[in-house]
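Please read each point beside the model.

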Amino acid sequence: MTDRISEEVFFKTTFTEELRLSFSLLKKQNILPRLFVLSVGESISLKNDIEKLILLGRMLGVHIELVSMVESFTEGEILKIIEEQNNNPYVHGIYIKFSPSVLVNAERISSHIHYMKDVACITPISRGKLLASHPQVMAPEIKALAEFVRLTGINLKNINISVWGDNSSISRILTAWLINAGYSFRFINAGLMSTLCEPSDLLIIASAVSDFNFLKDIALSTIIDLSEYMEKSDEQFKSSSYIRLNKADIYNLCIFSNLLETVQLLEKPKV
C-alpha cells in the first residue's frame with residue numbers, strides 16, 4: 001500500500017458497487033430495502049450529514065423514510081417513534097442522528113432500537129454479539145476496516161500491528177475483532193502515551209490524537225484512522241501511507257452494508 005489516494009478510491013468505488021448490486025438483487029426478489037431515519041435537533045452539520053446519507057441511499061436503490069424533529073420534543077416522543085418503527089414490518093433498519101446541541105441521552109434513546117434493525121450497531125445487544133464474535137451487524141468503524149482489508153487484500157497475519165486506543169467502546173470492539181480474526185497486535189493506551197513504543201508495520205488509530213508526530217514515529221509503513229474525524233489530521237498527515245476510514249461517505253456505506261444484513265435477516269424466508 002503505497003498510494004493512499006488510489007487505495008481509498010478503489011475501496012469506496014468497489015464497496016459502493018457491491019452494495020448497489022446486492023440491493024438490486026433484493027429488488028429482483030420483490031424485496032424493497034427500507035431504512036427509517038430519525039433526525040433529532042437542528043444544525044447545519046446534521047442537515048448535511050442526513051442529505052449525504054439520503055443521496056447515497058437513493059443511488060444504492062434503498063427507500064428511505066425521514067422524520068425530522070427540530071422543534072420542542074421529549075424523550076418519550078422519540079421513544080414512541082422508535083417503538084413504532086421497531087414494530088413496522090416494512091422497515092428493515094432504523095438510524096438516528098442527533099444534533100450536538102440536543103439535550104437528551106442519545107445513547108439511552110438509541111439503545112431502544114430493536115437489535116435486528118440496528119444498522120449503526122449501537123444497542124447493547126448488537127455490540128455484545130460483536131464482542132462475542134457472533135455479529136449480525138458491525139459498528140461502522142469496524143466494518144470499514146473489515147471491508148477495507150477484504151477488498152484491498154491486505155495480509156494482516158504476517159505484520160506487526162499496533163492499536164492506538166482508550167477505554168471507549170470502539171477501542172474495545174476493535175481489539176475484540178482483531179482477536180476473533182486471529183490477528184496479533186499490541187495495544188497502546190492513548191492515556192498513557194509513552195515514547196518507548198516500538199515501531200509497527202501498521203498502526204490503527206481508534207482514539208483521538210493530539211500528537212501526530214509521535215504516531216508517525218510508531219508507524220513504519222501504514223496508518224489507518226478509525227477515530228472521530230478531525231480536519232487538522234488531514235493537514236498534519238501528508239504521507240501517502242495515511243488511510244482515512246473515518247470519513248462520512250465511508251461511514252454511510254457501512255450503514256447501508258449493515259442494512260443489507262438486516263434485510264437478509266428479516267426477510268430470511270424470502271431470500
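1. Basis of the model. This is a predicted model, in which local features need pLDDT of at least 70 and side-chain atom pairs count only at pLDDT 80 or more, whereas totals for chains, interfaces and linings use all residues. Residues are numbered from 1 along each chain as its sequence is written, and side-chain values use heavy atoms, with hydrogens and water left out.

2. Overall content. The protein chain contains 10 helices and 8 strands; helices (H or I, at least four residues) and strands (E, at least two) are DSSP runs, numbered from the N terminus. Of the 271 residues in the protein chain, 46% are buried. Buried means under 20% relative accessible area, exposed over 50%, and partly exposed in between, with a 1.4 Å probe and protein chains only. Among the contacts in the protein chain with a separation of 6 or more, 65% are between residues 24 or more positions apart, where contact means heavy atoms within 4.5 Å.

3. The parallel sheet. An open sheet of 3 strands has the order E2-E1-E3, with parallel pairing. Strand E2 (63-69) and strand E3 (93-98) are at the edges with a single partner strand each, so one side of each lacks a neighbour in the sheet. On average, neighbouring strands of this sheet are turned by 20° against each other, direction ignored. Two strands pair if DSSP finds at least two bridges between them; strand E1 (residues 34-40) and E3 pair in the parallel sense over 6 bridges. Among the bridge partners in E3 are Phe98 for Val40 and Ile96 for Leu38. Although E3 is an edge strand, 5 of its 6 residues are buried, so E3 is largely enclosed by the rest of the structure.

4. Helices across the sheet. Helix H3 (residues 75-86) lies across E1, E2 and E3 and runs at about 180° to E1. H10 also lies across E1, E2 and E3, running at about 150° to E3. For these angles, axes are lines fitted to C-alpha atoms, for helices over the stretch in contact, and the values run from 0 to 180 degrees between N-to-C directions.

5. The H6 and H10 packing. The axes of H6 and helix H10 (residues 248-266) come within 9 Å and cross at roughly 90°. The two helices, H6 and H10, are therefore roughly perpendicular to each other, a label for angles of 65 to 115 degrees, with under 35 counted as roughly parallel, over 145 as roughly antiparallel and the rest as oblique. On the H6 side the contact involves Pro140, Glu141, Lys143 and Ala144; on the H10 side it involves Ile250, Tyr251, Cys254, Ile255, Ser257, Asn258 and Glu261. By class, this contact has 6 nonpolar, 2 polar and 3 charged residues. Here Ala, Val, Leu, Ile, Met, Phe, Trp, Tyr, Cys and Pro count as nonpolar, Asp, Glu, Lys and Arg as charged, and the others, Gly among them, as polar.

6. Aromatic pairs. Rings of Phe, Tyr and Trp (its six-membered ring) pair if their centres lie within 6.5 Å; planes under 30 degrees apart count as stacked, over 60 as edge-to-face and the rest as tilted. By this rule there are 3 aromatic pairs. In one of them, the ring centres of Phe11 and Phe148 are 5.3 Å apart with their planes at 75°, so the pair is edge-to-face. Phe11 lies in helix H1 (residues 4-28) and Phe148 in helix H6 (residues 140-152), so this pair ties together parts that are 137 residues apart in sequence. Both Phe11 and Phe148 are buried. Trp177 and Tyr183 form a tilted pair, 5.8 Å centre to centre with 55° between the planes, and each of these two residues is buried. One aromatic cluster is formed by Phe11, Phe15 and Phe148.

7. Most residues other than glycine have a negative phi. Asn30, although not a glycine, has a positive phi of about 65°, and at 75% relative accessibility Asn30 counts as exposed. Cys121, also a residue other than glycine, has a positive phi near 50°. Cys121 lies in the loop between helix H4 (106-110) and helix H5 (124-131) and, at 0% relative accessibility, counts as buried.

8. A further loop residue. Ser184 is found in the loop between helix H7 (169-180) and strand E5 (186-189). Ser184 is exposed, with a relative accessible area of 59%.
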